[in-house]
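Subject: Structure handover

Hi,

Here is the structure I promised to pass on.

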Amino acid sequence: MNLKRSKAEVSELLLNTKPESREDLVNFIKNSEEIEDFISDCHVQILESISEHLREVVPCCGVLESESIVNLDDPKTEHIDAFLFPDDVLDDLCDEGKMSRHYCSNCGSKKTQKLDLVSHSFSVWELKWLFTKIIPSLANKVILDVGSRLGCVLYAAAEYTNASKIIGVELNADLCALQNSIIEQYNYDKIEVIQADLRTKNNYYDLLM
């Protein structure tokens with residue numbers, strides 16, 4: 001059902017409700033925790049959809065070959081992007097033998113130790129908590145994410161805030177292209193991604209004006 005049809009259905013519902021009950025129905029729509037939870041879950045579903053899309057084009061570690069991130073080859077550390085691979089997805093991959101949470105400290109034995117799992121992104125649920133419980137209202141504010149990488153903070157900001165503009169600054173051209181593909185696919189018209197190295201700017205605020 002598209003938005004136009006949905007609005008018509010709501011209008012018809014109000015017309016078919018007894019006049020003395022219409023105000024109560026409107027207040028329910030405005031203030032119901034059930035509807036608030038449903039809306040919140042919709043945001044989560046969209047972010048999970050983006051995560052699933054990115055898993056198809058980004059390596060398991062969440063780091064592109066064109067990026068420069070240290071310690072990627074440390075045998076005791078596994079880079080697992082939390083936005084791309086939430087715990088349930090990671091558990092499935094471990095069960096299938098495609099990934100592991102442990103490493104062998106003495107090759108050929110059963111003596112294993114837990115890997116240090118490192119993420120370069122917030123998970124979907126961490127983003128929801130951040131924007132709904134931690135950060136105060138960002139209505140009509142400009143949000144800036146420096147080093148936006150996969151863009152997960154930008155997408156969550158678009159889902160959970162009424163910011164007037166959301167800006168991501170990213171040095172890596174491949175990551176900028178990846179973010180712009182998601183922005184176009186999900187019609188995030190408030191998000192802008194700028195490819196720039198802020199270390200070379202005398203006044204990087206001028207870049208954002």
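Let's start at helix 1, residues 3-16, which is where Val10 lies (helices here are DSSP runs of H or I with at least four residues, strands are runs of E with at least two, and both are numbered from the N terminus). Val10 is partly exposed, at 41% relative accessible area (buried is under 20%, exposed is over 50%, and partly exposed is in between, with a 1.4 Å probe and protein chains only). Together with Phe28 and Ile29, Val10 makes a nonpolar surface patch with about 240 Å² of accessible area. For a patch like that, residues need over 30% relative accessible area and no salt bridge; nonpolar side chains (Val, Leu, Ile, Met, Phe, Trp, Tyr) are joined within 5 Å, and like charges within 9 Å. A salt bridge, in turn, is a Lys or Arg side-chain nitrogen within 4 Å of an Asp or Glu carboxyl oxygen. The areas are Shrake-Rupley values with a 1.4 Å probe, and for residues only the protein chains shown count as cover.

Before you read too much into any of this: the model is predicted, so to speak of a local feature I needed pLDDT of at least 70, and side-chain atom pairs count only at pLDDT 80 or more, while totals for chains, interfaces and linings use all residues. Residues are numbered from 1 along each chain as its sequence is written, and side-chain values use heavy atoms, with hydrogens and water left out.

Now the overall picture. The protein has eight helices and seven strands, and 33% of its 209 residues are buried. Its accessible surface comes to about 13800 Å², with 50% of that belonging to carbon and sulfur atoms. Of the contacts between residues at least 6 apart in sequence, 61% join residues at least 24 apart (contact means heavy atoms within 4.5 Å).

What sits in the middle of the largest nonpolar core, touching the most other members? Among its 36 residues, that is Leu47, Ile50, Leu54, Phe83, Tyr155 and Ile191. A core here is a set of buried Ala, Val, Leu, Ile, Met, Phe, Trp, Tyr and Cys residues joined through side-chain atoms within 4.5 Å. Helices 3 (33-55), 4 (87-95), 5 (124-134), 6 (152-160) and 7 (173-185) and strand 7 (191-195) each give two or more residues to this core. Helix 6 provides the largest share, seven residues. Beyond its neighbours within four places in sequence, Leu47 is in contact with Phe83, Val124, Tyr155, Ala156, Glu159 and Tyr160.

A second, separate core has five residues, including Ile167, Val169, Ala196 and Leu198. Val146, in strand 5, is in contact with Val169 and Leu198, again leaving aside neighbours within four places. Val146 is partly exposed, at 49%.

Most residues other than glycine have a negative phi. Asn140, in the loop between helix 5 and strand 5, has a positive phi near 65 degrees and is exposed at 65%. Asn187, in the loop between helix 7 and strand 7, has a positive phi of about 55 degrees and is exposed at 62%.

Cheers
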